[in-house]
Amino acid sequence: MFDVLIIGGSYAGLSAALALGRARRSVLVLDGRRPRNRFTPHAHNLLLHDGDAPADLAARARQQVAAYPTVQLLEAQATAATRFPDGSFEVTTEAHGTFASSRLLLATGLRDELPPVPGFAECWGKSVIHCPFCHGYEVADLPTGIWNNGPEVEHQVKMLLNWSRELTVFTNGPATFGPEVHALLQANVIELVETPVAELLHTGGQLTALRLADSRTWPLPVLYARLPWQQASELPAQLGCEITEQVLIRTDASYRTTVPGVYAAGDCAVAPPQLALAIAAGNLAGATLSRELILGA
């Protein structure tokens, strides 16, 4: 019986494990090693580690957390979770059996739903990006595409004009926004392309052009894509955690979910999805868990 089982060993999960380890709580971190940012070569907007490779950051974090004797790290995919009437938990893994704990922290992340367009997956996280604060500085002032539709295009255009004045909006079909957005595009000389995109042309993940369904090619080195996402794990639903309209696990200010004894931190519960926020959320969740375990709350 562990004090806390942490499902997900990326930034939020390891940050929580560090706080709990320093509080001398017994912790098991189960990690399937499929972090959401595994597609991108560099992490940015993270103080002290700006530009580091995400894999290097994760490896260093695991090494630091593993130095605490009450914390164990196991590369394992959690497949099921059960909360018993006495408030304890049991988590089942694909290949390592089951584990029990008195508290559970979900740091299971989100899964981006990439469109089935050839070349999109290869460019994702490299030259097809989602966040200007994470990636915008490196591609500032380049010809920039926006893959989006609907009224939210207005906000995205206004934001991205800070990084590039040479924008093109690709709605991948008929535009569904109103005249205000059309006026914004016209005022800023932003071209609107409604023809569906058939393929992303690239070299090793570096976007070179979009091939449209009418066979035209549109030279472009960078594309911002606003994609839908889903919870990366079935465990929140199995446990009965309430999910918000933004498809995030609902938590309070200390990252308690709506299920007693279950916490959630990182992308699965925190917006916007940034490394610094995931680390901070994990640290706070770990500290709150420690206080509850010490004080018997």
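Where does Arg24 lie? In this predicted model, Arg24 is in the loop between H1 and S2. Its phi is near 65°, a positive value in a residue other than glycine. With a relative accessible area of 72%, Arg24 is exposed, because exposed means over 50%.

A second residue can be read in the same terms. Ser215 sits in the loop between strand S13 (206-212) and strand S14 (217-219). Ser215 also has a positive phi, near 80°, and is a residue other than glycine. Its relative accessible area is 55%, so Ser215 is exposed.

Apart from neighbours within four places in sequence, Ile6 is in contact with Gly13, Ala16, Ala17, Leu20, Val27, Leu28, Val29, Leu30 and Leu105.

Helix packing comes next. Two packed helices are described by the angle between their axes and the distance between the axes. Helix H1 covers residues 11-22 and helix H8 covers residues 275-295; their axes come within 7 Å and cross at roughly 35°. This crossing is right-handed. On the H1 side the contact is made by Tyr11, Ala12, Ser15, Ala16, Ala19 and Leu20, and on the H8 side by Leu275, Ala278, Ile279, Gly282, Asn283, Gly286, Ala287, Leu289 and Ser290. Sorted by class, the contact of H1 with H8 has ten nonpolar and five polar residues, and no charged residues.

H1 also packs with H2, at an angle of about 20° and with the axes 10 Å apart. Angles under 35 degrees count as roughly parallel, and H1 and H2 are therefore roughly parallel to each other. The crossing of H1 and H2 is left-handed. Tyr11, Leu14, Ala17 and Leu18 in H1 meet Pro54, Leu57, Ala58, Ala61, Arg62 and Val65 in H2. By class, this contact of H1 with H2 has nine nonpolar residues, one charged residue and no polar residues.

Asn37 lies in the loop between strand S2 (27-31) and helix H2 (54-66). Tyr11 and Leu275 take part in the contact between H1 and H8, while Tyr11 and Pro54 take part in the contact between H1 and H2. Is Asn37 buried or exposed? Its relative accessible area is 18%, so Asn37 is buried, the cut-off being under 20%.

Pro272 is placed in the loop between strand S17 (262-264) and H8. A cis peptide bond joins Ala271 and Pro272, with omega about -5°.

A further helix pair is formed by H5 (residues 153-160) and H6 (residues 179-187), which pack at an angle of about 20° with their axes 10 Å apart. That angle makes H5 roughly parallel to H6. H5 passes H6 in a left-handed crossing. Val153, Glu154, Val157 and Lys158 of H5 make the contact with Val181, Leu184 and Leu185 of H6. By class, the contact of H5 with H6 has five nonpolar residues, two charged residues and no polar residues.

Two strand residues complete the tour. Val193 lies in strand S11 (residues 191-193). At 3% relative accessibility, Val193 counts as buried. Not counting residues up to four places away in sequence, Val193 touches Thr168, Val169, Phe170, Thr171, Asn172, Leu212, Arg216 and Trp218. Of these, Phe170 is 23 residues from Val193 in sequence and 4.9 Å from it in space, C-alpha to C-alpha.

Ser102 is in strand S6 (residues 98-106). Leaving aside neighbours within four places in sequence, Ser102 is in contact with Met1, Phe2, Asp3, Gly87, Phe89 and Leu293. Ser102 and Val262 are 160 residues apart in sequence and 9.5 Å apart in space, C-alpha to C-alpha.

How values were computed
Residues are numbered from 1 along each chain as its sequence is written. This is a predicted model: local features need pLDDT of at least 70, side-chain atom pairs count only at pLDDT 80 or more; totals for chains, interfaces and linings use all residues. Side-chain values use heavy atoms; hydrogens and water are left out. Contact means heavy atoms within 4.5 Å. Axes are lines fitted to C-alpha atoms, for helices over the stretch in contact, and angles run from 0 to 180 degrees between N-to-C directions. Helices (H or I, at least four residues) and strands (E, at least two) are DSSP runs, numbered from the N terminus. Angles under 35 degrees count as roughly parallel, over 145 as roughly antiparallel, 65 to 115 as roughly perpendicular and the rest as oblique. A crossing is left-handed if the near helix is turned anticlockwise from the far one by less than a right angle, and right-handed if clockwise. Ala, Val, Leu, Ile, Met, Phe, Trp, Tyr, Cys and Pro count as nonpolar, Asp, Glu, Lys and Arg as charged, and the others, Gly among them, as polar. Buried means under 20% relative accessible area, exposed over 50%, partly exposed in between (1.4 Å probe, protein chains only).
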